[in-house]
Amino acid sequence: MLNQLRDIVEHVSRVEDIHQALEVFVKRTCDAINSECCTIYLSNHQKQRLELMATKGLTFSGERLHIGFQEGLVGLVHRTAEPLNIAKASLHPDFKLFPQLGEEVYQAFLATPIVHRKRMLGVVVIQQKKPRLFSDIEESFLVTLAAQLAVLIVSEQQQGKWLLQERRGTDNVVTGLSACNGIAIGPIWRGNDEPLLSDVSPASAVDVEKDKEWLLVAVESALKEFRRLRKQLDSDLNKDALAIFDLFTHLLNDPKLRGDLLSQIEKGDTADWALRQVIERYSNHFARMSDIYLQQRSQDVRELGQRLLYFLNHSQVQEVKLEKPVIFVVNELTTTLLASVPREMLLGVVSTQGGVNSHAAILSRALGIPSVIGPNLKGVEDGKSIILDGYNGEVLVNPTYLEMSEYQQLLSEEQEVRSMVESELCLPAVTLDKAPITILLNTGLGIDVSYFLNDVIDGIGLYRTEISFIVKQAFPSEDEQVETYRKVLAYSQDKPVVMRTLDVGGDKSLPYFPMEEENPFLGWRGIRFTLDHPDIFLIQVRAMMRASIGQKNELNILLPMVSGTPELDSSLSLIAQAYHEVALTYPQVKKPKVGIMLEVPSMIYLLPAIAKRIDFVSVGTNDLTQYLLAVDRNNSQVSELYEVVHPAVLLALKQIQVACEDANLPVSVCGELAGDPIGVLMLLGLGFTQLSMSSANVANIKYVIRQSNLEDLKTLANVATTQSYASEVHQLAFDYLEHRGLAGFVRPGKH
Ligand code: PEP
Ligand code: MG
């Protein structure tokens, strides 16, 4: 049976389209159990009913059949969330006949719920004509299959590939996933259809040299366009988004990619056919990688290929001309597509495919364009006005008058808050009772110079160096690193910069240095990796120090993932060695300050002992929470347990703050908590005064700080640390925000 189980799961997961996957599931399950009928119903919680999605053995005319949660045996399984095994279904008191299904011929009935993390997703049913009880083995077989099916459904939903189209009320709401918060109301626009790379068919080149030239011209045009788009976006706030175009440029300049494309043409293929083959090869290579970040780069490679195909067909970009702002509806949003439409013409984006962590979704968040992924708007004609609700990941296709006025109201409130918050971006972060808070930036790629010119922030609290390593083909040389770090320091002018040494491992592996580990988050990560490669570590810290020569600001070196004193001592002696090496050639070099990331719980207890060895501490709440609660920060199976304001996390933070204060050690917080309004209330209340966050959060957080009273927050945090549940802490903070009219800063359902 185990083999059959594996066989079904393998076949089902191989099918791209989820509806087809469900069809394969019911057929193969019937064969495995040797039964005549298998049916999958999925729950529609809004309508309180189960909807028939796939069947073998019932009459299913295509019109979706539904069974209320209170109806029949299927409803009973849904309500009790337990398997039901009956020899003669018609004798059961809950039996209800649905004559349109032709169910009357079946007697034996075995059903099991499809459950994912306590959430009912549906019911799977096996039926047979001859009355009989199914065996224990058959029952556990179905339970196991249903559990696998639940994982598949949820993963498809999370990737936005497929969703149960839940429609409510007037049948006008299509549900998807939120890729960027916000509301948009306006006409839909589908853009121009371009040929797809996946449609290019095999063809032989008539003139190989001409096709090679054709391809190189396309590469140059694409490079030119990326430069143009990068420049066009330059005025927007979030510079990390620009990195996407740097990544494309980098890939296009990669001699290996060019070489592979040209040699494919030399084999006799046309430029477009060669392009498709090489891009698919690269993209599949990324898709097979275990690292999630790199897997998602597979989509970037496809996007790049699609763009090159465009330039094989067009000598230059055809400008998108729009008369009025629109909601852009696309199959798969790409960064180039997004950047090619002027921002002021883009109210929102609906894409039928894609993931919430794709680069396009990241870019839409960076640009603040409300976006939803997943809803199928086939049949809705171009120009029709819709409502896009990016908070709930929904699209209202035929909004009623009431819905329209409700959303208009929300939209104008949202615009008011946004313009007020942004207009006050340059005001200092001082609480109502005049306590100044230091606002620092987390960054890893581009930096927005205007932030420094306008004194929006007080420095860089976390520069993640690994990002510039990840986009390379090999470890960057010392000189290359000097150049990168020098730019970061120069942009920051006289403001301090905290540069973290390479933090790879865990979920961040380098394409040119694959790591395979059973427990990567507990394995060869951060400082553990670099101490095992002192060459890499020395090159990096030397580069940082060389980059700091002649700059106006102060360099701070931050060590990630330190879990004990020996690691700290080894790092300090390597840094001292690097300093002496640099000083031999550049005697003017200044000694950098050195600090540790406080993200491994052991260091909380060692703080008093090591305080004298270091100059500062930066609290990495992302990892600290993960290690304190033993919850993988990237595993959606346990994401509900990853509670950022868990009382134990707050108590740990309190201990860190007190230990640092006692030791007179400067401390900042650079995890996501420092960019979260609720987290910020807690951190201020616990006594932290330096917060480092991504640029997207700066305006909101500064605003929240200006509306808060530090004395109140101290009381609030004191009460919060005595709670038993994270939900209680969350409620306390939410009430505080609500009292000050700041509830809108907290996304619904975020905690
Ligand atoms: C953290 O762990 O909180 C942190 C800031 O580092 P990273 O997210 O890069 O692991
Ligand atoms: Mg970390």
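Trainee: In which strand is phenylalanine 616 found?

Mentor: This is a predicted model: local features need pLDDT of at least 70, side-chain atom pairs count only at pLDDT 80 or more, and totals for chains, interfaces and linings use all residues, while side-chain values use heavy atoms, leaving out hydrogens and water. Residues are numbered from 1 along each chain as its sequence is written; chains are lettered from A and ligands numbered from 1 in the order in which they are written. Strands are DSSP runs of E, at least two residues, numbered from the N terminus. Residues 616-619 make up the strand that holds phenylalanine 616, S20.

Trainee: Is phenylalanine 616 buried or exposed?

Mentor: Buried means under 20% relative accessible area and exposed over 50%, with partly exposed in between (1.4 Å probe, protein chains only). Phenylalanine 616 has 9%, so the word is buried.

Trainee: Which strands stand at the edges of the eight-strand sheet?

Mentor: Two strands pair if DSSP finds at least two bridges between them. The sheet is open, its pairing is mixed, and its order is S7-S14-S13-S9-S10-S11-S12-S8. Two strands have a single partner each, so one side of each is left without a neighbour in the sheet: S7 (173-175) and S8 (177-180).

Notes. Helices (H or I, at least four residues) and strands (E, at least two) are DSSP runs, numbered from the N terminus.
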